[in-house]
Amino acid sequence: MRYLTSHTTRYLYQEPVSQCLSEARLIPRSMPGQRVLASRIHVEPEPAVIDNRKDYFGNDVSSFAIFRNHDRFITTATGVVEVEASLLSSPALAWERVRDLVAAHASDESLAAYEFVFDSPYAAAARELADFARSTFTPGRPYAEAARELSHRIHDEFTYLPTSSSINMPLLEVFHNRCGVCQDFAHIMIGALRSLCLPARYVSGYLRSGAQYQGAEASHAWVSVFVPETGWLSFDPTNDVVPSDGHVTLAWGRDYGDVTPVKGIALGGGHQTVEVEVRVVPAERPSGCFGAQ
Amino acid sequence: MKDATTASLKSRTGLWRYVPEPGHWDEVLTPAGFPRRHWRALLVALGRMGPEQLSRRWRAGQQLIQANGITYNVYGDPQGKERPWKLDLIPLVIDAAEWERLERAIIQRATLLNAMLADLYGPQNLIHQRHLPAATLFANPHFLRPCCGIVPAGGVHLHLYAADLARSPSGQWWAIADRTQAPSGIGYALENRLVSAQTLPSVFNQCRVRQLQPFFEAARAALLALAPNLRANPRAVLLTPGPHNETYFEHSFLARQWGFPLVEGADLTVRDNRVFLKTLAGLEPVDLVLRRMDDSFCDPLELRGDSLLGVPGLVQALRSGNVAVANALGSGILETALQMAFLPGLCRQLLGEDLRMPSVATWWCGDEEPRRYVLEHLEELVIKPTFPRYGQNAEFPATMSEAARRELAHRIEARPEQFVAQEQVDLSTAPVRADQVIAARHIVLRVFAVWNGSSYMVLPGGLTRVSQEDRSLVVSMQLGGGSKDTWVLSAAETDTPAVRRTAETAVTTPRSSAELPSRVADNLFWLGRYAERVESGVRLVRALLPGLSGEADFGRSATLETVLHLLGGLNYLPPEFSAGSIASQRWNLQRLLGTMVFDPTRTSGIGWNLNQIRRVSWPLKERLSQDTWRVLQQLEMDFSSTPPASTEQRFVAAMSLLDRAIVTLSAFAGLLMENTTRGYGWRFLEVGRRLERALQMTELLRVGAVQAPFEIEPYLETLLQIADSSITYRTRYLTALRIEFVLALLLADESNPRSVAFQFATLLDHAGNLQQRDPSASDSIEHATMARMLAEIRNADMDDLATRDAEGDLGALEDLLKQMRTGLFDISDALTARYFSHLTPSRLTSF
């Protein structure tokens with residue numbers, strides 16, 4: 001499936017901002033099953049300095065610096081991305097084996113995965129999360145199957161409520177409230193898996209527009225888990241689906257903090273409002289549809 | 001010799017009824033009770049001195065500590081105040097041969113830790129080849145992933161290293177902690193030396209103690225050599241989290257010692273991936289950041305975003321190779337006890353040699369075999385979190401209940417990689433002067449090394465810390481322990497070192513005026529304003545208090561009416577105050593003036609303004625001369641004394657306190673005039689003072705003249721008194737009090753340092769001077785306003801101002817004073833907009 005993607009983040013300031021440094025992870029990743037045919041980022045006002053680099057996890061990062069007064073900061077990332085439908089694979093390796101193999105990390109791949117077993121600022125292990133996961137992670141159960149059920153349970157037992165949480169709310173508070181947004185659901189699933197010493201990472205990306213999914217029209221997030229010999233398998237607890245050709249991957253890391261799409265430090269500004277707009281439309285459609293509702 | 005020494009120690013004084021603790025190595029005495037060879041010279045000298053002399057020296061030392069303002073902030077102190085540094089006068093003595101062994105071991109250890117950092121932030125071969133368990137890195141919250149792959153300053157991660165050493169009962173030194181992040185203590189070590197060499201000068205010279213000063217000079221050069229781009233005159237700054245940090249004193253001391261500006265994150269900015277210092281003269285490039293801030297706080301954009309202490313964009317500037325940061329960001333990963341379990345193997349692997357100094361025996365529970373050992377020997381061990389967070393402490397299973405021990409074992413089994421176990425170290429003992437006796441206390445020695453371009457050099461000395469209580473093995477400055485100087489003896493007879501105190505930088509201004517950080521100028525400006533507010537408060541209350549005694553000398557000093565009127569007009573009185581009988585009014589006024597003097601919580605009272613002085617002067621500490629600092633401390637001490645309970649005694653106490661305060665304030669003003677170079681900083685302080693004084697005088701004239709009742713003489717008299725101008729008036733005019741003459745003196749006389757005109761003339765001079773340095777300030781609003789105000793006063797006719805209009809009011813004077821007041825606020829706003837506007841706080845957003 002080929003998509004035209006567009007992601008606009010608008011900061012509007014009540015008072016002028018005299019300088020701003022920001023960092024964006026808005027260029028989709030090239031990886032097996034996903035090809036990036038084109039991508040560009042436009043920033044307004046025009047930055048004095050632009051840097052591009054790869055971060056620790058291999059994501060593309062662009063940083064911008066603006067040193068003149070401005071009352072709005074707008075980033076628009078557009079791209080053409082081809083995503084293949086994933087073959088449903090459900091390896092039979094039991095979760096305990098996964099845990100032990102990754103801890104032993106005989107291959108470079110499992111060593112890399114091992115890094116995602118440990119706590120990160122937004123997704124740390126906790127006894128409550130382990131208890132939550134344990135009814136699904138029965139002895140000997142295949143990791144992939146159990147992860148899929150965990151994703152399903154989060155979807156069932158938690159309410160998607162856009163204003164119910166903020167990224168600074170402690171994970172266990174979100175867990176007890178039983179409601180949140182896609183970032184929270186991803187963090188809860190990751191935290192629960194890490195509580196069982198299992199490798200899980202946070203994926204930031206987009207959903208195809210118009211789909212009957214939560215989190216379309218905004219930046220989205222889901223979870224990947226690692227199974228030795230098979231690789232990384234993705235689950236979207238917000239929508240209870242296995243991501244396929246309707247999900248476009250931007251970046252991955254240990255949690256939201258590693259892959260925040262746009263962040264910045266502004267001097268001044270007073271009260272601010274933020275608007276985010278995401279469009280992911282199939283490229284085959286007539287071009288007039290792009291960007292229009 | 002041996003016997004003579006011992007005899008002299010034991011018999012002559014009784015001072016040395018010193019009993020070491022059995023089962024521990026004693027630094028001074030052999031197990032047989034004889035002094036060790038390298039201590040003898042010191043012991044003989046102390047013996048000759050006797051307990052009284054030693055007590056006197058100790059008190060002198062305490063005074064030096066107080067006078068030098070050596071302090072240590074204690075976290076969680078409800079007062080939020082620093083407390084004086086604790087120094088025990090008897091140093092720890094280490095002989096030359098032993099020191100040489102220690103030195104070699106420290107150099108090796110620093111080299112090893114640096115090699116580990118280079119690997120872990122680079123190829124991670126130690127992980128891939130399993131020399132170090134991957135979990136030790138991946139689970140480490142101090143592992144800063146954004147810093148991976150950055151080439152550090154001079155190719156070295158660890159520029160400044162400190163280790164805590166302890167001596168076991170066998171006499172062997174062990175490393176018990178590594179400090180790789182931003183080691184503290186080296187400044188305290190030097191201060192300890194300055195105090196001990198001054199209090200025990202002859203003993204110090206006899207003992208041939210190695211000097212510390214050459215090391216500090218070499219360290220400065222070595223640090224500056226880290227600057228990239230090899231500029232001829234690289235600019236280094238010392239980055240501090242601010243005055244509330246526990247070792248802030250040391251930050252300012254080192255900044256002064258090395259001549260690096262002390263800056264906070266907000267003083268720096270990153271432009272075009274370069275770091276700059278925001279100064280009044282503009283942005284000045286910075287080549288080296290010596291940080292005393294934990295690395296995760298150093299860049300809120302790429303590192304921890306929950307605090308804005310640091311410098312946004314610093315990591316990117318590092319990536320671009322435009323700035324050096326010492327120590328490298330990320331070096332905090334080696335501050336855990338964890339790696340001690342692996343150092344012997346790593347040393348062979350990375351350096352191809354055996355570890356010279358053992359670490360305290362350490363087991364990481366993340367590996368199965370050590371975990372089993374730990375669980376089986378729990379009672380003999382100390383259990384620590386692998387990656388300690390604030391508030392997490394070591395646990396001592398030996399002293400736990402059975403249930404607590406079981407609970408701990410469960411926690412270890414649940415997250416084994418989160419725990420390390422260490423052997424309990426039997427610290428050695430040394431003599432400490434405690435409550436008139438010499439007692440044995442446990443010690444830990446902190447030693448320091450600095451990268452010098454090719455290897456590490458070790459400070460020939462160190463910071464010896466002492467346990468607070470008799471048998472306590474916990475040695476912590478946070479928990480109230482003390483410290484000692486550390487005397488490393490020189491090997492050669494010819495090497496006769498002597499210590500010279502480096503010239504004190506007795507200035508209020510920065511070393512180079514143009515480099516004054518804007519934040520500092522802002523603080524100096526407000527220091528000037530608050531100091532003037534304190535002075536005017538003191539003068540006001542001092543002039544008014546006698547009017548309440550009931551025995552006032554009418555016509556000479558304030559009466560109850562004038563007091564009521566002035567305090568009311570200056571907004572010190574609640575409206576209901578004028579009611580009530582004379583006696584109750586007097587009593588109420590006495591109470592009110594009492595709170596103005598003694599109550600620091602009363603807004604705009606004297607104590608309140610002193611607190612503001614404290615707030616703005618604290619970050620200026622390294623810029624104020626010690627004398628200036630002492631004066632400010634004296635003021636604060638005077639006013640923080642507990643007032644007497646009875647109103648009458650309070651009245652007397654207040655009078656004498658205010659008299660003293662006037663003298664202290666004059667000392668402050670004198671230091672500013674006589675001991676301060678006329679740099680940017682001094683000008684900002686002056687501008688603040690002049691502006692405030694003009695405002696206060698304008699207000700006094702408004703209330704004391706314009707708004708005064710028709711019978712104006714007592715008011716004029718009080719005004720003159722407050723303005724310290726009564727004598728001038730009498731010698732000059734030889735007449736009764738008349739408004740036009742008082743105005744001539746307090747408003748228009750440009751030779752009277754209390755007059756409004758004098759303030760404007762001085763302000764104009766300062767503004768002109770600032771303008772010369774800053775071309776953008778020419779024709780500035782502030783300059784134009786000052787000139788206009790001065791012209792208004794010069795053109796005014798005092799007789800006209802003193803003439804009452806048809807309503808019997810001093811309308812012309814009122815208008816003029818109103819103009820002055822508006823002008824002064826305009827000047828303040830204009831200065832703020834020009835010099836301090838970029839001090840607006842920044843914030844982090846993400847979406």
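In which loop of chain B does Gln124(B) lie? Gln124(B) is found in the loop between α3 (96-120) and α4 (125-128) of chain B, and this residue has a positive phi of about 55 degrees although it is not a glycine. The structure is a predicted model of a complex, for which the predictor gives an ipTM of 0.93 and a pTM of 0.82.

**Confidence in chain A**

- Chain A has a mean pLDDT of 91, with 95% of its residues reaching 70 or more.
- Among the elements of chain A, the highest mean pLDDT (97) belongs to strand β11 (residues 247-253) of chain A, and the lowest (87) to strand β12 (residues 262-268) of chain A.
- Residues 286-293 of chain A stay under 50 in pLDDT, and the model has five contacts beyond four places in sequence for them.

**Confidence in chain B**

- Chain B has a mean pLDDT of 85, and 88% of its residues reach 70 or more.
- Among the elements of chain B, strand β18 (residues 456-458) of chain B has the highest mean pLDDT (98), while helix α1 (residues 2-13) of chain B has the lowest (44).
- Residues 1-15 of chain B have a pLDDT below 50, and this stretch has 21 contacts in the model beyond near neighbours in sequence.
- A further stretch, residues 76-80 of chain B, also stays under 50 in pLDDT, and the model shows zero contacts beyond four places in sequence for it.

**Form of chain A**

- Chain A contains seven helices and 13 strands.
- The C-alpha trace of chain A spans about 60 × 40 × 35 Å along its principal axes.
- The radius of gyration of chain A is 19 Å, which agrees with the value near 19 Å that a compact globule of 293 residues would have.

**Contact between the chains**

- The contact draws 28 residues from chain A and 22 residues from chain B.
- On the side of chain B that touches chain A, the elements giving two or more residues are α5 (134-138) and β21 (842-846) of chain B.
- With five residues, β21(B) gives the most to that side.
- The residues on the side of chain B that touches chain A comprise 10 nonpolar, eight polar and four charged.

**Helices α20 and α27 of chain B**

- Helix α20 (residues 680-706) of chain B packs with helix α27 (residues 811-836) of chain B at an angle of about 160 degrees, and their axes are 10 Å apart.
- Because of this angle, α20(B) is roughly antiparallel to α27(B).
- The crossing of α20(B) past α27(B) is left-handed.
- Among the residues that make the contact are Leu691(B), Leu695(B) and Arg702(B) of α20(B), together with Leu817(B), Arg821(B) and Leu824(B) of α27(B).
- By class, the residues of the contact of α20(B) with α27(B) are 13 nonpolar, two polar and three charged.

**Helices α6 and α9 of chain B**

- Helix α6 (residues 186-199) of chain B and helix α9 (residues 248-258) of chain B have axes 8 Å apart and pack at an angle of about 75 degrees.
- The helices α6(B) and α9(B) are therefore roughly perpendicular to each other.
- From α6(B), the contact is made by Gly187(B), Tyr188(B) and Glu191(B), and from α9(B) by Glu250(B), Phe253(B) and Leu254(B).
- These residues of the contact of α6(B) with α9(B) divide into three nonpolar, one polar and two charged.

**Helices α4 and α6 of chain A**

- In chain A, helix α4 (residues 143-157) and helix α6 (residues 182-195) pack at an angle of about 135 degrees, with axes 10 Å apart.
- The helices α4(A) and α6(A) are therefore oblique to each other, and α4(A) passes α6(A) in a right-handed crossing.
- The residues Leu150(A), Ser151(A) and Ile154(A) of α4(A) meet Phe185(A), Ile188(A), Met189(A) and Ala192(A) of α6(A).
- The contact of α4(A) with α6(A) has six nonpolar residues, one polar residue and no charged residues.

**Cis peptide bonds**

- The peptide bond from Glu44(A) to Pro45(A) is cis, with omega near 0 degrees, and Pro45(A) lies in the loop between β2 (34-44) and β3 (49-54) of chain A.
- In chain B, the peptide bond from Ala326(B) to Asn327(B) is cis, with omega near -10 degrees.
- Asn327(B) is located in the loop between β12 (324-326) and α11 (343-351) of chain B.

Notes: Residues numbered from 1 in each chain as written. Chains lettered and ligands numbered in written order. Predicted model: local features only at pLDDT ≥ 70, side-chain atom pairs only at ≥ 80, totals over all residues. Contact = placed C-beta atoms within 7 Å. Helix = DSSP H or I, 4+ residues; strand = E, 2+ residues; numbered from the N terminus. Nonpolar A, V, L, I, M, F, W, Y, C, P; charged D, E, K, R; others polar. pLDDT = per-residue confidence, 0-100. Axes fitted to C-alpha atoms, helices over the stretch in contact; angles between N-to-C directions. Parallel < 35°, antiparallel > 145°, perpendicular 65-115°, else oblique. Left-handed = near helix turned anticlockwise from the far one by under 90°. Rg over C-alpha atoms; globule rule 2.2 N^0.38 Å.
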